[in-house]
Every structure is written in structure tokens, then in C-alpha cells.
Amino acid sequence: MNRKHFVLTDVRAETPFRLLLKYGDGAQFALDLTGLIRQFRGLKPLEDPATFATAAISEGGRSVIWDDDDNLELAADNLRARAVEAMGEISHEFVWNWMTKNNLTIDAAACAIGVSRRMLLYYRSGRYPVPRTVALACIGWEKGGIQSAKRRSVVDHVVSS
């Protein structure tokens, strides 16, 4: 599968702690990293504006690196997910996290929320944006009384397939 949507083609650092990101599929995002830098001790060096200004694309475009430091790096797919979520949308990581949290296979997860296996794979890979209705179906499956009934139904369906 073509994964240009996770390959960076340009990155520019702006102050304070904001990155302008451009991806291989043409998508562009402005992402404020203030909260992330404060949350993770390993990113503390980025509090220095001079260090933050050294943001560059790693070889292959799979991450942003700073000051040629192998230990100071953020993955392009995670940055895109954060940027998408900062805009109020749902990222591909939401689907990954929901499936992992509920210990669901692709087949079981697709059945649980009523989408095809292929579409779920597209959402999970980030190839297509995750519709709000899909996110709500995931949340609904976890909440209320439907989870246990659906889970039994999903398990029965997958086992009998």
C-alpha cells in the first residue's frame, strides 16, 4: 500500500513550539507541541528555542529529528495523528487503540461496528479519515449494555466463519 500520507516532505519550526508539517499526499498541518514537550521528560531539550528551531526531516521522511540527535525524534504518523485530533477529527490511532483496548481482531472489530473488514483496514492504516460515525460506533460498543451482547455475537460470528 502507498503510505505517502505518513511520509514528511517538509517541516518548519516556528516559535513557540509549533511545527508546520507537509506530507507526501499534499496534506499540511500546523501542530503545537507545547503540551507534548511538557508531558514527556525526554522532550525537555525542545524547550530551548534554539534546539527546537533545528527541526528537520529524518532520512526517508518517517520522523522529525532535532539537532541530529538520534534520541530526539517524533514519528511522522504520530505527528499526523496529533494534528488531525487537534483539528477535532479522529485519527487512525483511535481505531488501533480501540481494537487493542478491547482485544479485537480485524474481523471481530469490523463486525462489532458494522463496517467491512477492508474499510476498517483503511481507517486503521490512515489511508482514509475515520468518520465520526465509526468513532461513535466504537464508543457505543464499549458503553451501555450492547458490549456484552455484541461481543458474544462477534465471537460467535468469527468462530463460525
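Helices here are DSSP runs of H or I with at least four residues, strands are DSSP runs of E with at least two, and both are numbered from the N terminus. With that in hand, take Thr54, which sits in the loop between α2 (49–52) and β4 (55–57). Thr54 is partly exposed, at a relative accessible area of 29%, where buried means under 20%, exposed means over 50% and partly exposed is in between (1.4 Å probe, protein chains only). Along the sequence, Thr54 and Trp66 are 12 residues apart, yet their C-alpha atoms are 5.3 Å apart in space.

Before going further, a word on what you're looking at. This is a predicted model, so local features need pLDDT of at least 70 and side-chain atom pairs count only at pLDDT 80 or more, while totals for chains, interfaces and linings use all residues. Residues are numbered from 1 along each chain as its sequence is written, and side-chain values use heavy atoms, with hydrogens and water left out.

How confident is the predictor? The score is pLDDT, its confidence in each residue from 0 to 100. The protein chain has a mean pLDDT of 87, and 86% of its residues reach 70 or more. Confidence is highest in strand β2 (residues 18–23), at a mean of 96, and lowest in helix α8 (residues 146–160), at 53.

Now for the overall layout. The protein chain has 8 helices and 6 strands, and reading along the sequence gives β-β-β-α-α-β-β-β-α-α-α-α-α-α. Of its 161 residues, 39% count as buried.

Start the walk at Phe17, in the loop between β1 (8–14) and β2. Phe17 isn't a glycine, but it has a positive phi of about 60 degrees. Phe17 also counts as buried, at 16% relative accessibility.

Further along comes helix α3 (residues 76–86), which brings us to the largest pocket: α3 gives the most to its lining, with 3 residues. What is a pocket here? On a 1 Å grid over the protein atoms alone, a pocket is an open set of points where a 1.4 Å probe fits, with protein on both sides within 12 Å along at least five of seven lines; lining residues have an atom within 4 Å of a point. About 240 Å³ of space lies in this largest pocket, where volume is the space filled by probe spheres set on the points, and grid points are joined across faces, edges and corners. Its lining has 17 residues, with Arg80, Val84, Gly126, Tyr128 and Pro129 nearest the centre. By class, that lining splits into 9 nonpolar, 4 polar and 4 charged residues; Ala, Val, Leu, Ile, Met, Phe, Trp, Tyr, Cys and Pro count as nonpolar, Asp, Glu, Lys and Arg as charged, and the others, Gly among them, as polar.

Back on α3 itself, the buried residues include Arg80 and Val84, along with Ala76, Leu79, Ala81 and Ala83. An α-helix has 3.6 residues a turn, so residues three or four places apart point the same way. Just after α3, Gly88 takes a positive phi of about 85 degrees.

Tyr128, one of the residues nearest the pocket centre, lies in the loop between α6 (117–125) and α7 (132–142). Tyr128 is partly exposed, at 37% relative accessibility. Tyr128 and His5 are 123 residues apart in sequence, but 9.7 Å apart in space, C-alpha to C-alpha.

Step back to the loop between α4 (92–101) and α5 (106–113), where you'll find Asn102. Buried or exposed? Asn102 counts as buried, at 6% relative accessibility. Its side chain reaches the backbone oxygen of Trp98 at 2.9 Å, a polar contact (a pair of N or O atoms within 3.5 Å; within protein, one must be able to donate a hydrogen and the other to accept it, and residues adjacent in sequence count only if both atoms are side-chain atoms). Asn103 lies in the loop between α4 and α5 too, but Asn103 is exposed, with a relative accessible area of 70%. Asn103 has a positive phi of about 55 degrees although it's not a glycine.

Then there's α5, where 6 of the 8 residues are buried, so the helix is largely enclosed by the rest of the structure. Those buried residues are Ile106, Ala108, Ala109, Ala110, Ala112 and Ile113. Just after α5, Gly114 has a positive phi of about 75 degrees.

Last, the cysteines. Cys111 is partly exposed, at 28% relative accessible area, whereas Cys138 is buried, at 1%. The whole structure has 0 disulfides, a disulfide being a pair of cysteine sulfur atoms within 2.5 Å.

Notes:
pLDDT is the predictor's confidence in each residue, from 0 to 100.
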